[in-house]
Every structure is written in C-alpha cells, then in structure tokens.
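Visitor: Could you zoom in on one part of this model and walk me through how its side chains sit together? I'd like the cut-offs as we go.

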Amino acid sequence: MVGPRANWKGFIKFGEVSCPVALFTAASSSERIAFNTLNRKTGNRVKREFVDSETGDPVERDNQVKGYEIENGQFIVLEPDEVAAAVPESDKTLNIEAYIPCAQIDTTYFDKPYYLAPDKMGTDAFVLLRDGMKKEKVAAIARTILFRRMRTVLIRAHGKGLIANTLNFDYEVRSSEKAFEEIPDLKIEGEMLELAEHIIGTKKGRFDASTFDDRYEAAVAELVKAKIEGRSLPKRKAPVASKPSDLLQALRESAGRGAKEAQPKRTAANANKGAARQKAAKPVAKSKAASAPTRRAS
C-alpha cells in the first residue's frame with residue numbers, strides 16, 4: 001500500500017540536535033461532496049473566465065498579473081519574479097524558539113493541522129523530543145518558511161508522532177471585545193447556578209470525533225441518491241416554537257425537577273368525612289330509583 005505523500009520535508013531543531021522530518025496534511029475537505037456549475041438550459045458545465053472590468057474582453061493567463069490597490073482604481077503592478085524575490089529564503093528547518101505549557105495554548109490562533117513524522121533517519125532524536133514534551137506537558141513554538149510564507153508553528157506530542165498547527169498572526173485574529181461588549185456584568189448564584197452545574201454534570205463525556213456526524217453531507221448524499229432513483233424526499237416538518245418560560249423553570253425542567261407537585265394526600269379525618277358523605281348520598285339514590293315508574297313488558 002502506498003503511504004501518504006508529504007507536503008513538506010525538512011528538519012526540526014531543538015538545541016544543537018536536529019532530525020529530518022516530513023509534514024503531512026492532517027485535515028482535508030477532498031472527501032466532501034462537490035458541485036459543478038451548469039448551464040440550466042443545456043446541462044453543460046460552465047467555465048470560469050477572467051474579463052477586463054472596463055472593456056469586457058477576455059484576458060488570457062499570460063496577460064494576468066498581480067496588483068496592489070493604492071487608491072480607488074489605482075494599482076501598483078507586481079511581476080511574478082518580484083513577488084518570488086520577496087519571499088524569504090528557506091533553510092527547511094523548524095527552529096524551536098520556546099516551550100510553553102499545554103494549558104496556556106489559545107486555540108483561537110490555530111490555522112491548519114499537520115502531522116510531523118521522522119523522515120528515514122533521525123528517529124531516535126525525534127522520539128526523544130516527543131517523549132520529553134510529553135513528560136513536561138509542553139508544546140513547542142517554531143518558525144520556518146512553509147508554502148512560500150514565514151509561518152509560526154505550534155508542535156505537540158500526538159500519539160506516536162507530533163502534530164504541528166500553523167498559527168494565525170495576531171493581526172489576523174479579531175479582538176473579542178466587540179463581540180462581547182453587549183454582555184452585561186451579571187453574577188449568577190444560588191439555585192440557578194446549582195441547577196446549571198447539575199445539568200452539566202449529567203452530560204459529562206470524553207472527546208470522540210468519530211461520534212460527530214456531518215448531517216449536511218449525509219442529507220446531500222441522500223438527495224443525490226433520490227434524484228438518481230427518480231424519487232422525492234419527504235418534506236421536512238416546520239419546527240414548533242417552544243413556549244416561553246423563565247430561566248429558572250427551564251433549568252428545573254432540564255434537571256428533571258420541573259414536574260408539578262403531587263396533590264397532597266388526604267388525612268384519615270378527611271377520608272372518613274369523604275366516606276360519610278358517600279354513605280349519606282346512597283339513600284338519596286335509592287329513593288330516586290323507587291320513585292321512577294316501572295316499565296311492564298307488554
């Protein structure tokens with residue numbers, strides 16, 4: 001069986017120790033269902049074409065060039081060789097600059113994951129780095145040129161190998177202040193907090209990605225299958241809006257404590273009173289029956 005093809009090969013260096021490594025894609029969208037754009041009238045595929053925004057004429061690939069807009073409609077042209085010269089030279093080495101505790105990792109900066117494995121020789125040094133980081137519970141910060149750009153990479157122990165996440169730069173990650181500025185400063189305590197803790201406690205589990213199903217992909221696959229077989233899928237029922245309720249009552253119901261309280265049991269005295277009322281009612285029923293006319297058989 002042919003193994004996966006490496007996206008990048010180079011070295012990882014910690015201190016004065018270095019070993020050859022190979023980088024493999026850890027996540028891919030190639031298995032997703034893909035669509036083509038068609039001409040509704042003919043059923044033929046539609047080709048993408050670049051046209052001049054002013055003249056409307058098609059522009060061949062050889063005449064396409066990169067440009068940076070400096071003013072409205074004013075561009076600086078950047079030739080391919082100029083762009084290539086601006087890319088820093090790569091020494092093909094992941095230079096570890098620091099080790100940070102795994103608990104301090106901010107996953108907001110994660111870009112794409114890659115697997116790191118030893119490339120032919122240097123397995124001893126690779127395993128030494130992996131096991132050392134496992135024992136110290138740290139991740140490594142490294143820098144290198146990947147795919148024509150300087151990248152900061154977070155490296156962690158992962159199974160028998162390492163996993164490397166390229167990181168977004170700070171200017172690429174938006175501040176959370178704007179997103180959270182409308183949230184008021186509230187302090188929840190007492191029964192509401194206890195109920196929330198109880199609900200969370202009943203749903204504790206372990207991370208298992210195999211249990212995450214892509215319902216969109218499954219639905220689209222079923223739609224395609226139905227089209228091929230010439231059948232239609234049943235229409236989905238419109239969701240029914242839940243009745244509004246206060247937060248505390250919703251929490252109680254979620255925790256299984258929202259059932260109506262049972263009716264209070266009758267005391268012995270009340271039970272005797274009820275029995276006496278029933279006995280008193282019986283003679284009345286008999287008197288009514290006696291007064292009713294008797295039907296004779298003809």
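Guide: Let's start with Phe169, which is partly exposed at a relative accessible area of 23%; Tyr171 counts as exposed at 65%. For these labels, buried means under 20% relative accessible area, exposed over 50%, and partly exposed in between, with a 1.4 Å probe and protein chains only. Bear in mind that this is a predicted model, where local features need pLDDT of at least 70, side-chain atom pairs count only at pLDDT 80 or more, and totals for chains, interfaces and linings use all residues. Residues are numbered from 1 along each chain as its sequence is written, and side-chain values use heavy atoms, leaving out hydrogens and water.

Now the rings. Phe, Tyr and Trp rings (the six-membered one for Trp) pair if their centres lie within 6.5 Å, and planes under 30 degrees apart count as stacked, over 60 as edge-to-face, the rest as tilted. That rule gives two aromatic pairs. Tyr114 and Phe147 make a tilted one, 5.9 Å centre to centre with 40° between the planes. This pair links distant parts of the chain, 33 residues apart: Tyr114 is in strand E6 (110–118), and Phe147 is in the loop between E7 (138–146) and E8 (149–158). Strands are DSSP runs of E, at least two residues, and helices are runs of H or I, at least four, numbered from the N terminus. Tyr114 is buried at 9%, while Phe147 is partly exposed at 40%. Phe169 and Tyr171 form a stacked pair, 6.0 Å centre to centre with 5° between the planes.

Leu162 sits in strand E9 (161–167) and is buried, at 1%. Leu162 and Leu116 are 46 residues apart in sequence, yet 5.0 Å apart C-alpha to C-alpha.

Just after H2, Lys137 takes a positive phi of about 55°.
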